[in-house]
Amino acid sequence: MEVTDLGEPVGMVFRFDEPSTGRFIMFNTPTPLSIAWFTASGDYVSETDMEPCLLEDSNQCERFAAADSYSIAVEMFAGQLGVVGIGPGSTLELLSDSVGPECVVTR
């Protein structure tokens, strides 16, 4: 939330230990983002564009859901997924040495 600059990385990756159907929310996120969801094996699930929600009550913000369960979500600035090749039919591979300098890996 409240992020307006990603710095060097072009996006953020969220990895879940178990398949999820959880929804994403743009509460206090002032910058439009695009999100794509993938299975644990890297298969594309779906994507959507997410508009900011600057309301005081997060319960009034839209929740964004994948078309099916997922284990990985990738967020980028709005409209940038296709620039890096993310779209229907694409696959994703997370590399062990791809953690950004300001990321914290927890296990």
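In the predicted model, the side chain of Ser 34 reaches the backbone nitrogen of Gly 79 at 2.9 Å, a polar contact being a pair of N or O atoms within 3.5 Å, of which, within protein, one must be able to donate a hydrogen and the other to accept it, with residues adjacent in sequence counted only if both atoms are side-chain atoms. Because the model is predicted, local features need pLDDT of at least 70 and side-chain atom pairs count only at pLDDT 80 or more, whereas totals for chains, interfaces and linings use all residues. Residues are numbered from 1 along each chain as its sequence is written, and side-chain values use heavy atoms, with hydrogens and water left out.

Ser 34 lies in strand β3; strands (E, at least two residues) and helices (H or I, at least four residues) are DSSP runs numbered from the N terminus. With a relative accessibility of 2%, Ser 34 counts as buried, where buried means under 20% relative accessible area, exposed over 50%, and partly exposed in between (1.4 Å probe, protein chains only). Residues up to four places away in sequence being set aside, Ser 34 touches Thr 48, Asp 49, Val 74, Glu 75, Met 76, Phe 77, Ala 78, Gly 79, Gln 80 and Leu 81; contact means heavy atoms within 4.5 Å.

Strand β3 spans residues 33-38 and pairs with β4 in the antiparallel sense over six bridges, two strands being paired if DSSP finds at least two bridges between them. Across this pairing, Ser 34 stands opposite Asp 49 in β4, and Ala 36 stands opposite Glu 47 in β4. The two strands form a hairpin with five residues between them, and Gly 42 in the turn has a positive phi of about 95°.

Strand β6 comprises residues 70-77 and contains Ser 71. This serine is buried, with a relative accessible area of 5%. Apart from neighbours within four places in sequence, Ser 71 is in contact with Phe 14, Arg 15, Phe 16, Glu 18, Pro 19, Phe 38, Thr 39 and Ala 40.

Arg 15 also forms a salt bridge with Asp 17, the closest N and O atoms being 3.7 Å apart. The criterion is a side-chain nitrogen of Lys or Arg within 4 Å of a carboxyl oxygen of Asp or Glu, and by this rule the count comes to one salt bridge. Asp 17 counts as exposed because its relative accessibility is 69%.

A search of the whole structure finds one disulfide, defined as a pair of cysteine sulfur atoms within 2.5 Å. The disulfide is formed by Cys 53 and Cys 61, with their sulfur atoms 1.9 Å apart. The link of Cys 53 and Cys 61 is left-handed, with -75° about the S-S bond, and both cysteines are buried.

At the level of the chain, there are zero helices and six strands. Of the 107 residues of the protein chain, 31% count as buried. Among contacts between residues at least 6 apart in sequence, 73% join residues at least 24 apart.
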